[in-house]
Amino acid sequence: MEEGTPVDPATGLIAVAALRKLADHLESLHVRTAREQGRSWQEIADHLGVTRQAVHQKHAHRE
């Protein structure tokens with residue numbers, strides 16, 4: 001993008017939403033794989049930079 005070129009905020013917001021959806025999908029995939037390989041909730045949380053409680057609350061129901 002050239003400097004000074006106006007960007008429609010809607011385009012940027014749509015891109016952010018798509019990236020967030022992709023990131024959530026990738027997180028779920030890798031958390032599930034890690035759990036299948038016997039990784040602890042604490043180890044997964046450490047890699048994600050969140051608390052064990054946060055990652056467990058977000059993903060435990062998928063087991």
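Predicted model: local features only at pLDDT ≥ 70, side-chain atom pairs only at ≥ 80, totals over all residues.
Modeller: Residues are numbered from 1 along each chain as its sequence is written, and side-chain values use heavy atoms, leaving out hydrogens and water.

Colleague: How many salt bridges does a search of the whole structure find?

Modeller: The general idea first: side chains of opposite charge can pair when their charged atoms come close. Here the cut-off is a Lys or Arg side-chain nitrogen within 4 Å of an Asp or Glu carboxyl oxygen, and the search turns up three.

Colleague: Which residues are linked with K58 in a network of salt bridges?

Modeller: D24 and E27. K58 pairs with E27 at 3.2 Å between the closest N and O atoms. K58 is in helix 3 and E27 in helix 1, so this pair ties together parts 31 residues apart in sequence. (Helices are DSSP runs of H or I, at least four residues, numbered from the N terminus.) D24 meets K58 at 3.8 Å, N to O.

Colleague: And where is H59 found, and is H59 buried or exposed?

Modeller: H59 is in helix 3, residues 52-59, and counts as buried at 3% relative accessibility. Beyond neighbours within four places in sequence, H59 is in contact (heavy atoms within 4.5 Å) with E27, S28, V31 and W41.

Terms used: Helix = DSSP H or I, 4+ residues; strand = E, 2+ residues; numbered from the N terminus. Buried < 20%, exposed > 50% of the residue type's maximum accessible area, 1.4 Å probe, protein only.
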